[in-house]
Amino acid sequence: MPVKTIIEPFRIKSVEPIRWTTRAEREELLRAAHYNLFLLPAEYVLIDLLTDSGTGAMSTHQWAALMEGDESYAGSRSFEHFRQSVQSIFGYRHVIPTHQGRAAERILFSVMCKKGAIVPNNTHFDTTRANIEFVGAEAVDLPIPESRHPDLRHPFKGNMDVDELETLIQNVGRQNVPLVMLTVTNNSGGGQPVSMENARRVSEVCRRYRIPLYFDACRFAENAYFIKLREPGYAGKSPVEIAREMFSCGDGCTMSAKKDGMANIGGFLCTNDEVLAQQEKNLLILTEGYPTYGGLAGRDLEAIAVGVQESLEEDYLRYRIASTAYLGNHIAEQGVPIVQPPGGHAIYLDARAFLPHIPVEQFPGVALAAELYLEGGIRSVEIGSLMFGSAAKMDLVRLAIPRRVYTQSHIDYVVEIILEVWRKREQIQGLRLSYEAPFLRHFTARLEPVEQAVAQTL
Ligand SMILES: Cc1ncc(COP(=O)(O)O)c(C=O)c1O
């Protein structure tokens with residue numbers, strides 16, 4: 001008889017205590033953090049689902065590899081390990097290490113984009129959009145229409161709308177589109193995967209118009225596993241074969257190794273283009289470091305070299321996808337509105353449907369995230385009107401699951417708290433901004449409850 005329970009495919013060798021707080025303490029902490037969970041000291045968070053980025057637990061193999069770190073400034077042996085490991089999966093000619101994903105983005109767009117250029121993507125992540133806009137270019141999201149409906153089920157809801165891509169290129173002219181990006185999985189669109197067929201069709205359009213295709217590859221392993229599970233013809237292939245096939249559709253990638261690199265820091269930029277690679281390395285030297293370390297320690301390069309391989313292990317991916325779905329399915333069964341189907345690294349609550357009485361201008365996502373903290377010390381993040389301003393099509397609250405960190409009982413606790421907040425949802429109030437920075441405002445924004453704001457102006 002096949003066993004139904006999917007257990008964590010590891011045992012725990014080192015533990016890190018987490019801390020209980022009282023509701024009164026959390027009320028005070030939330031006020032002091034101006035209702036922005038980024039401003040909260042992490043020691044007062046019980047279950048931290050703010051992000052899956054850099055928050056994973058490293059394996060014994062990764063810790064052992066750290067000791068092999070070669071800290072030479074130039075020509076380090078660790079860089080060779082890193083380069084070979086990355087190339088064995090991604091296949092691109094040049095591998096440029098960076099301190100994290102956004103550094104790879106900044107270098108890529110500085111080199112490839114001029115003012116007025118247009119960069120299409122299935123959905124840009126916030127740092128990707130901000131780095132494109134920072135060089136005066138325009139970031140355009142082209143997700144398939146199904147992705148705009150949180151409760152609609154589609155096996156590859158992260159796909160790009162290929163017809164819209166072609167129409168856009170024809171309307172603005174191919175000379176104004178220096179590159180196309182495809183984000184796998186589509187984080188801001190609900191952690192949804194992109195199919196191989198879609199990647200191939202996007203690649204065909206790019207080749208026809210001689211536009212390079214770059215992957216935002218942060219969660220490439222989870223995407224590969226969804227393809228194995230859901231796309232006809234891939235059940236018999238291994239995740240690494242699927243990943244290699246996908247990357248062969250493109251000309252390069254940006255990567256945050258803090259996700260499917262299973263590392264706590266790091267990233268890289270890959271390209272097949274000699275000329276671009278040279279320009280990118282020149283910029284790298286200016287702000288990140290020499291091209292054989294790129295802002296990372298030799299030991300970080302070793303951890304990533306092992307991590308990218310571990311992220312493709314089938315036992316790990318089976319558990320990873322199953323445990324995320326476990327959270328999503330248990331709350332959805334009780335009526336909690338989530339982005340369906342559950343994504344790879346996170347569950348996204350649909351805050352507009354959860355709190356229909358809070359208008360979008362009063363940040364329903366931020367209000368819901370604040371309430372989850374208040375109720376149970378859980379930290380999540382809004383992906384909606386605070387993060388994207390008027391460009392936000394949805395107000396979501398992302399519960400991102402750090403890799404190999406929390407057990408099923410932690411997840412059961414999260415389910416219990418979300419259901420409690422769901423029962424009390426009508427009492428939750430909206431928020432308004434009292435401070436915002438000129439870009440990436442969600443990191444530092446200050447908010448206050450609408451009722452309180454009104455009281456002060458009276
Ligand atoms: C899809 C996507 N792209 C880019 C990034 C940026 O990576 P980093 O945080 O390492 O700069 C992230 C980070 O969350 C992401 O999810």
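**Figure 1. Arg219 in the loop between β6 and α8.** In this predicted model, Arg219 belongs to the loop that connects β6 with α8 (220-230); helices (H or I, at least four residues) and strands (E, at least two) are DSSP runs, numbered from the N terminus. Arg219 counts as buried, at 3% relative accessibility; buried means under 20% relative accessible area, exposed over 50%, and partly exposed in between (1.4 Å probe, protein chains only). Leaving aside residues up to four places away in sequence, Arg219 touches Asp52, Val184, Thr185, Asn187, Lys259, Asp260, His345, Arg398 and Arg403, where contact means heavy atoms within 4.5 Å. Residues are numbered from 1 along each chain as its sequence is written, and side-chain values use heavy atoms, with hydrogens and water left out. Because the model is predicted, local features need pLDDT of at least 70 and side-chain atom pairs count only at pLDDT 80 or more, while totals for chains, interfaces and linings use all residues.

**Figure 2. Helix α5 and its surroundings.** Helix α5 (residues 126-134) is mostly covered, with seven of its nine residues buried. These buried residues are Asp126, Thr127, Thr128, Arg129, Ala130, Asn131 and Ile132. The elements they pack against are the helices α4 (101-112) and α15 (385-388) and the strands β3 (118-121), β4 (138-141), β5 (180-183) and β6 (213-216). Just after α5, Gly136 adopts a positive phi of about 85°.

**Figure 3. The crossing of α4 and α5.** The axes of these two helices cross at roughly 30° and come within 9 Å; axes are lines fitted to C-alpha atoms, for helices over the stretch in contact, and angles run from 0 to 180 degrees between N-to-C directions. That angle makes α4 roughly parallel to α5, a term for angles under 35 degrees, whereas those over 145 count as roughly antiparallel, 65 to 115 as roughly perpendicular and the rest as oblique. On α4 the contact involves Arg102, Glu105, Arg106 and Phe109, and on α5 Thr127, Thr128, Asn131 and Ile132. The residues of this contact divide into two nonpolar, three polar and three charged; Ala, Val, Leu, Ile, Met, Phe, Trp, Tyr, Cys and Pro count as nonpolar, Asp, Glu, Lys and Arg as charged, and the others, Gly among them, as polar.

**Figure 4. The contact of α6 with α7.** Helix α6 (residues 162-172) packs against helix α7 (residues 196-208) at an angle of about 15°, and their axes are 10 Å apart. The two helices are therefore roughly parallel. Their crossing is right-handed. Val162, Asp163, Leu165, Glu166 and Ile169 of α6 meet Asn198, Arg201, Val202, Val205 and Arg208 of α7. Five residues of the contact are nonpolar, one is polar and four are charged.

**Figure 5. The two faces of helix α1.** The buried residues of helix α1 (residues 23-32) are Arg26, Leu29 and Leu30. They lie on the same side of α1 because they cover an arc of only 100° around the axis, the arc being that of the directions from the helix axis to the C-beta atoms. These buried residues pack against α14 (364-376). Exposed Ala24 and Ala32 are carried by the face turned away from the buried side. Just after α1, His34 has a positive phi of about 55°.

**Figure 6. Phe439 in the loop between β13 and β14.** Phe439 lies between β13 (431-435) and β14 (446-449). Phe439 is exposed, with a relative accessible area of 55%. Its C-alpha atom is separated by 9.8 Å from that of Glu133, 306 residues apart along the chain.

Notes. A crossing is left-handed if the near helix is turned anticlockwise from the far one by less than a right angle, and right-handed if clockwise.
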